[in-house]
Amino acid sequence: MCVLRDCGVCECETPPDWASEAEWIPKEVVEIETTDDCGHVDDKIITSVDNHVSESWLTTPSDTLFFDGESSTTDNSEVVDEDRAVVVDLRINPERYTGYAGQSADKVWRAVHEDNCFQQNDYDNTDTYCTLETEQRVYNKIISGMHSSISLHIAHSYCLEMDTDHIAQCKTWGPNSTLAYDRVLSHKDRLENLHVVFAVLLRAVQKAGSAITSAVPTDDPFFSESLSEWTNNLQPEITKMVESCPLMFDESSLFSDVISGDIEAKRLELKRRFKHLLDIMQCVGCDRCKLWGTVQTLGIGTALRIILDEEWDNTQPANKLSRQESVALVNTLERFSSALVYTHDLAAKE
């Protein structure tokens with residue numbers, strides 16, 4: 001259960017023009033009562049991944065996953081419930097503390113770390129070395145890093161005092177450095193894994209290039225300012241930073257110790273794990289948590305899709321990103337970038 005009403009997601013009552021052309025958006029939007037701050041939606045929103053994600057290896061069933069542009073003929077209805085798809089403005093649904101805890105939250109994180117992550121094989125009493133392969137260790141680091149990022153965002157925007165005059169509302173928001181230390185800052189491996197994911201995302205954004213903006217409606221004035229900001233300022237600065245720094249993530253090392261015939265099987269297993277992770281996110285009982293968990297899972301999965309495709313060429317139609325993938329990739333990069341800043345902010349407040 002969530003402690004705060006802020007666990008709800010504020011959906012767009014009137015979807016923007018671009019959404020009217022998307023087949024996955026319902027043509028009739030059910031109106032809900034809202035207040036000036038967008039109100040609270042009582043656990044009725046299901047955050048779904050677009051079933052038209054371009055060639056995505058996350059939205060197809062685990063037994064028919066493709067990475068090379070082939071399409072699956074299997075029904076995707078298990079992933080997307082079109083009757084409940086909604087348009088959400090991420091800017092008015094920030095990732096922060098909601099008080100989501102208890103058996104539901106415990107079950108989700110247990111499924112992530114025990115069922116979704118690769119588990120080390122049994123070894124005898126004399127051997128203590130890690131038996132996981134390179135790509136398996138990297139995958140586990142990515143999942144750990146995502147957990148660390150989520151924890152830091154919760155700690156950075158935490159409810160320090162409940163409102164005694166209003167049920168389930170927060171009176172005072174602020175940083176909780178104690179929580180940050182307990183969950184992340186006092187764990188060297190979790191901090192390192194946070195940097196690993198940031199390096200993966202940075203590498204993907206660099207490699208994706210113009211494919212990121214290809215899904216943005218350039219003829220819609222609503223996007224002109226943000227599109228200009230990304231194209232003229234943010235992306236050039238990211239490129240400059242990547243070029244001025246040593247290669248932080250080298251994807252060629254992932255399958256360096258794997259026989260060439262087994263590489264595709266290893267890739268398929270990574271795809272299956274991310275598909276499973278998306279399924280786990282649909283079990284989250286807090287809509288706000290589900291929203292950001294899904295966005296970041298899709299963002300990281302999109303990043304891996306880009307950097308693991310040796311023949312990626314953002315000028316080819318088959319390698320374009322869908323709107324959902326572009327939004328997820330950029331927002332996930334921002335989430336991890338902010339989390340790295342929070343490590344310094346929260347450490348300074350201790």
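This is a predicted model: local features need pLDDT of at least 70, side-chain atom pairs count only at pLDDT 80 or more; totals for chains, interfaces and linings use all residues.
Which residues in α2 meet which residues in α3?

Residues are numbered from 1 along each chain as its sequence is written, and side-chain values use heavy atoms, with hydrogens and water left out.

The overall layout comes first. The protein chain has eight helices and two strands. These are DSSP runs, numbered from the N terminus: helices are H or I with at least four residues, strands are E with at least two. Along the sequence the pattern reads α-α-β-β-α-α-α-α-α-α. The chain has 350 residues, and 47% of them count as buried. Buried means under 20% relative accessible area, exposed over 50%, partly exposed in between, with a 1.4 Å probe and protein chains only.

Back to the opening question. In α2, the residues are Ser148, Ser151, Leu152, Ile154 and Ala155. In α3, they meet Leu179, Ala180, Arg183, Val184 and Leu185. Contact here means heavy atoms within 4.5 Å. Seven of these residues are nonpolar, two polar and one charged. For those classes, Ala, Val, Leu, Ile, Met, Phe, Trp, Tyr, Cys and Pro are nonpolar, Asp, Glu, Lys and Arg are charged, and the others, Gly among them, are polar.

How do the two helices lie? α2 and α3, residues 177–185, pack at about 175°, with axes 9 Å apart. Axes are lines fitted to C-alpha atoms, for helices over the stretch in contact, and angles run from 0 to 180 degrees between N-to-C directions. The two helices are therefore roughly antiparallel. That label needs over 145 degrees; under 35 is roughly parallel, 65 to 115 roughly perpendicular, and the rest oblique.

Now the rings. The whole structure holds three aromatic pairs. Rings of Phe, Tyr and Trp (its six-membered ring) pair if their centres lie within 6.5 Å; planes under 30 degrees apart are stacked, over 60 edge-to-face, the rest tilted. Phe118 and Tyr139 have centres 5.6 Å apart and planes at 85°, so they are edge-to-face. Both are buried. Tyr139 and Phe274 sit at 5.2 Å and 80°, so that pair is edge-to-face too. Tyr139 lies in α2 and Phe274 in α6, residues 260–281, so the pair ties together parts 135 residues apart in sequence. Ring pairs link Phe118, Tyr139 and Phe274 into a cluster.
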